Amino acid sequence: RKIASGSEITISYVDLATPHIQRQHDLSKQYMFKCSCEVCSDPMSEEKEKIKISTAGPEDLVRQARAAASQAHASSADPSISRSQVLKELKDAISLSQRALHPLNIELMRLREEAIRVAVAEEEWIVAHAQCEETITAYRQHYPSSFPLLGVQLAMLGKLEMYLGNPSKARPYLAEGLDTIRRTLGAENHTAKETQRLLDEATWSLQGLGGFD
């Protein structure tokens, strides 16, 4: 957005999706200050913060889901375990967490992010696309509309739509992602240039001038 003369400019030192209490603890410990920015001072933040950690199932199921998630994350960090096995564990943990946690819970969001990373590496485009679609809803809830991570995730969803042969669905995600990335990271940023290339290819494909490579 345009910044008016005299406006305060802030920068995020920590992930804004992290619960408020954890953010303040990390900032105090690492940077020795208490944040009072617009996000941290939002009068509606209490309800938003509750969603980040809300559960939706009985305690036993929540414990099972968190244990499965912990194991999946540990396996993902272990290079000796095959990526296909890691992806299976992540999918199982996500399935369990969907029953135990609020749909916008950040633990579930982190599982989906890891599943996307592994699925893309394995070229499991359908799995990656399904998880990426779900993360967009959470990202829109937990991040400001101008936050670069949201732009990057939108660009990723657009790219996955291209891999699945859906340029008409890819184009709006790529366009929105590109706009956010340019405004936050700059037009010369590598991700911005890559997203522009994909947007051009989606446009050309819809015009019958070429396909996605």
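**Chat: helix pairs and nonpolar cores**

Tutor: Let's start with a helix pair: P167, S168, R171, L174, A175, L178, I181 and R182 in helix 8 meet T191, A192, T195, Q196, L198, L199, A202, T203, S205 and L206 in helix 9. Keep in mind that this is a predicted model.

Student: Thanks! How do the residues of that contact of helix 8 with helix 9 divide into nonpolar, polar and charged?

Tutor: The contact of helix 8 with helix 9 has 10 nonpolar residues, 6 polar and 2 charged.

Student: And at what angle do helix 8 and helix 9 pack?

Tutor: Helix 8 (residues 167-185) and helix 9 (residues 190-206) pack at about 150 degrees, and their axes lie 9 Å apart. Angles over 145 degrees count as roughly antiparallel, and therefore that label applies to helix 8 and helix 9.

Student: Is the crossing of helix 8 and helix 9 left-handed or right-handed?

Tutor: Helix 8 and helix 9 have a left-handed crossing.

Student: Which residues in helix 4 and helix 5 meet?

Tutor: From helix 4, R83, V86, L87, L90, A93, I94, S97 and Q98 take part; on the helix 5 side they meet L108, L111, R112, E114, A115, R117, V118 and A119. The contact of helix 4 with helix 5 divides into 10 nonpolar, 2 polar and 4 charged residues.

Student: What about the largest nonpolar core: which residues touch the most other members?

Tutor: The largest core has 36 residues, and L90, A100, M109, L111 and Y143 touch the most other members. Helix 3 (59-76), helix 4, helix 5, helix 6 (125-142) and helix 7 (148-163) each supply at least two residues of this core. Helix 5 gives the largest share, 8 residues.

Student: What does L90 touch?

Tutor: Leaving aside residues up to four places away in sequence, L90 touches A72, L111, E114, A115 and V118. There is also a second, separate core of 10 residues, and A170, L174, A192 and A202 are among them.

Student: One last thing, Q153. Where is Q153 found, and is Q153 buried or exposed?

Tutor: Q153 is in helix 7. Its relative accessibility is 10%, so Q153 counts as buried, the cut-off being under 20%.

Student: Nice. And which residues does Q153 touch?

Tutor: Not counting residues up to four places away in sequence, Q153 touches I116, C132, T135, I136 and Y139.

Definitions and conventions
Residues are numbered from 1 along each chain as its sequence is written. This is a predicted model: local features need pLDDT of at least 70, side-chain atom pairs count only at pLDDT 80 or more; totals for chains, interfaces and linings use all residues. Side-chain values use heavy atoms; hydrogens and water are left out. Contact means heavy atoms within 4.5 Å. Helices (H or I, at least four residues) and strands (E, at least two) are DSSP runs, numbered from the N terminus. Ala, Val, Leu, Ile, Met, Phe, Trp, Tyr, Cys and Pro count as nonpolar, Asp, Glu, Lys and Arg as charged, and the others, Gly among them, as polar. Axes are lines fitted to C-alpha atoms, for helices over the stretch in contact, and angles run from 0 to 180 degrees between N-to-C directions. Angles under 35 degrees count as roughly parallel, over 145 as roughly antiparallel, 65 to 115 as roughly perpendicular and the rest as oblique. A crossing is left-handed if the near helix is turned anticlockwise from the far one by less than a right angle, and right-handed if clockwise. A nonpolar core is a set of buried Ala, Val, Leu, Ile, Met, Phe, Trp, Tyr and Cys residues joined through side-chain atoms within 4.5 Å. Buried means under 20% relative accessible area, exposed over 50%, partly exposed in between (1.4 Å probe, protein chains only).
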